[in-house]
Amino acid sequence: MSDIHQLKKALDSLLNQDSQQDREKNWLLEHADSQDIKNLINKLSTRDLHVIAAIYQLQPTPAKKLPSALKLSQPTISRAVSKLANLQLLSRYKATQNSKEIIVNLTNMGNQIAKIHAQLEIHIDQKLTATLAKYSSEEINQVTEVLQKLSKV
């Protein structure tokens, strides 16, 4: 198998983890403490979880700040915010200073999911640190540089 074919296969495997039932979601389901939270997590995509995590860090925040914070398009954010509002994971309201500006804030259930997601991020960081411990900073930087270049292909 050629190097390029192996690289493409490895990248495909990495990118395909972002599915409806990926390891991230499975971890969240295992660590959720109520069936209501588990039911909601099952309805969320990885993107939805990242939107919840960003709002958790920024809340309350104008919805217009989310595209740049998440590096996603405005239509993608609008769909995610609508979905999360319909699932009652966030609330939307107009800013008092500017009635055209929409502010988003997580509900209690949204905050619970965000807290579990924050625990997951700590878990991922720990596993990544352990996995990368045998590599030098230079090697990690080289891989990072290659991945950044590949993201522009």
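Student: In what sense do β1 and strand β3 (residues 102-106) pair, and over how many bridges?

Tutor: The general idea first: two strands pair if DSSP finds at least two bridges between them. Strands are DSSP runs of E with at least two residues, helices are runs of H or I with at least four residues, and both are numbered from the N terminus. Here, β1 and β3 pair in the antiparallel sense, over two bridges. In β3, I103 is the bridge partner of P62.

Student: Before we go on, what sort of model is this?

Tutor: This is a predicted model, where local features need pLDDT of at least 70 and side-chain atom pairs count only at pLDDT 80 or more, while totals for chains, interfaces and linings use all residues. Residues are numbered from 1 along each chain as its sequence is written, and side-chain values use heavy atoms, with hydrogens and water left out.

Student: OK, what is the strand order in the open sheet?

Tutor: The order is β1-β3-β2, three strands with antiparallel pairing.

Student: At what angle do the axes of α3 and α7 cross?

Tutor: Two packed helices are described by the angle between their axes and the distance between the axes. Axes are lines fitted to C-alpha atoms, for helices over the stretch in contact, and angles run from 0 to 180 degrees between N-to-C directions. The axes of α3 (residues 35-42) and α7 (residues 108-132) cross at roughly 80° and come within 11 Å. That makes α3 roughly perpendicular to α7; angles of 65 to 115 degrees count that way, under 35 is roughly parallel, over 145 roughly antiparallel, and the rest oblique. From α3, D36, I37, L40 and I41 make the contact, and from α7, M109, Q112, I113 and I116.

Student: Is K25 buried or exposed?

Tutor: Buried means under 20% relative accessible area, exposed over 50%, and partly exposed in between (1.4 Å probe, protein chains only). K25, in helix α2 (residues 23-31), is buried at 1%.

Student: Which residues does N111 touch, leaving out those up to four places away in sequence?

Tutor: N111 sits in α7 and is buried, with a relative accessible area of 17%. With that exclusion, N111 touches Y56, Q59 and L106.

Student: And where is L72?

Tutor: L72 is in the loop between α5 (66-70) and α6, partly exposed at 31% relative accessibility. Leaving out residues up to four places away in sequence, L72 touches R47, P67 and I77.

Note on methods
Contact means heavy atoms within 4.5 Å.
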